Amino acid sequence: MARNSSLAPQMALSRLSLLLLAALALSSLPILAIARGGDAISNRSGHLGQRTALPKRRLFEEKEPQITEEMTRGYMSNSELEMAVKKFAKRCANISRVYSIGKSVNGVPLWVIEISDKPGQKEAEPAFKFIGNVHGDEPVGRELLVLLANWLCNNYMQDSLATLIVRSVHLHILPTMNPDGFALRRRGNANNIDLNRDFPDQFYHMNDVISLRQPETKAIMDWVKQQHFTASASLHGGALVANYPWDGTQDTRKHYYACPDDKTFRYMATVYSRSHYNMSLSKEFEGGIINGAFWYPIYGGMQDWNYIYGGCFELTLEISDTKWPKASELPVIWEYNRMSMLNLVASIVKTGVHGRVFAANTGRPLPASVIIRGIDYKVNASWTFGDYHRMLAPRGNYEGSTFRFLLMINLLHLCLVSKQGPHEFKWRMRL
């Protein structure tokens, strides 16, 4: 649902309970600090990372377990999944659309379900994506994502959380990123490449070679560039934990390696873990969450790439101890994860800083970025509406400086009015 009317200056003045000066800077301005030094590269999100050579990581370090016919019984085949997606689109046409972001190596379409009260339309709202079946031998995510879509359709206008998500978020669901690997019952795609090691990496030069990139990876990268996602999560199996960046370390050793938004990522992971039936009770992972590099470093992962190059806060969710559990266990796994999935999506509108940057005289969006002092990362406003959605952990103090913009805040809804001349302000905000 569009919020243009609530963002108009006249309406905002009567509704806003708190007036703050906030930190915004034109995206053309230099970032405040370089976190890591050395030869840095810039990117869409504004994080500056250092490149260093690493030895090539082997994709499959252990022999993969044999997936039997009995294990696959009860799971949707690729053709059955496609039929389920299209059936959903017909049944829930008022709040959804189905589109493809590309094809796998073997030509299987990568179908996406978009759920919104205005599907297919651009709005000044945050967007969230779920991606399942990144690894072919981890199929639970593809089943749960279809269940999630149907639950939202069945409960829209009846359940407050379902209604909030449909009205305030554009939710994009890709049930399977690796349909070929699923059909072959193995981790990698049809070329036997681990897709979660195939993305450009801040430390691993080899993944910059475009000719070696897999079509599934290219499809995800193009998708992220087009949609301007606020946050996302990929669903995996084999453990029960919410994993957050960084996934790799500069020195290639296993240790806690925090990204600039470590506090926010820990909050997001905790939202998922504590909403889960028993993830937060884990004896292996404290609180049911883990820094990826502290668990075991990987390079070329989708999670870090989303944050660095896509401006998207992504988690890697391990949602079942067994990679390929019996299909009879799926209803229980769904119930254990349902509230976690819903609360994670809802968190992108319940927390953080949201608003629009536009010219007061014309109403046209302006190129701008949100920069928080002490966090070496910037979130860019969209070109379509000038809207931005900056994830931040609640119960924190945030400081910054403002150039040319006056910010008014009422709970989560912000209205920005351009001022004439160069003005710089200091601000403090507590969420």
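Is Arg-197 buried or exposed? At 10% relative accessibility, Arg-197 counts as buried, where buried means under 20% relative accessible area, exposed over 50% and partly exposed in between (1.4 Å probe, protein chains only). What you're looking at is a predicted model, where local features need pLDDT of at least 70, side-chain atom pairs count only at pLDDT 80 or more, and totals for chains, interfaces and linings use all residues. Residues are numbered from 1 along each chain as its sequence is written, and side-chain values use heavy atoms, with hydrogens and water left out.

**The overall picture**
- The protein has 12 helices and 20 strands; these are DSSP runs, numbered from the N terminus, with helices (H or I) of at least four residues and strands (E) of at least two.
- Of the 431 residues in the protein, 59% are buried.
- Take the contacts (heavy atoms within 4.5 Å) between residues at least 6 apart in sequence: 76% of them join residues at least 24 apart.

**The loop between H7 and H8**
- Arg-197 sits in the loop between helix H7 (179-184) and helix H8 (215-227).
- Between Arg-197 and Thr-217 there are 9.7 Å in space, C-alpha to C-alpha, and the two are 20 residues apart in sequence.
- Ile-193 is also in the loop between H7 and H8, but Ile-193 counts as partly exposed, at 21% relative accessibility.
- Ile-193 and His-135 are 58 residues apart in sequence, with 9.7 Å from C-alpha to C-alpha.

**The nonpolar cores**
- A nonpolar core here is a set of buried Ala, Val, Leu, Ile, Met, Phe, Trp, Tyr and Cys residues joined through side-chain atoms within 4.5 Å.
- The largest one has 105 residues, and Ile-115, Phe-128, Phe-130 and Ile-220 touch the most other members.
- Helix H12 (residues 330-350) gives this core its largest share, 10 residues.
- This core lies between domain 1 (69-350) and domain 2 (353-429), because both give residues to it; the domain bounds come from an automatic or database domain assignment.
- Leaving aside residues up to four places away in sequence, Ile-115 touches several residues, among them Phe-88, Leu-152, Val-166 and Ile-173.

**Helices H5 and H6**
- Helix H5 (residues 140-155) and helix H6 (residues 160-168) pack at about 105 degrees, with their axes 9 Å apart; axes are lines fitted to C-alpha atoms over the stretch in contact, and angles run from 0 to 180 degrees between N-to-C directions.
- H5 and H6 are therefore roughly perpendicular to each other, a label for angles of 65 to 115 degrees.
- Trp-151, Leu-152 and Asn-155 of H5 meet Ala-162, Thr-163 and Ile-165 of H6.

Terms used: Parallel < 35°, antiparallel > 145°, perpendicular 65-115°, else oblique.
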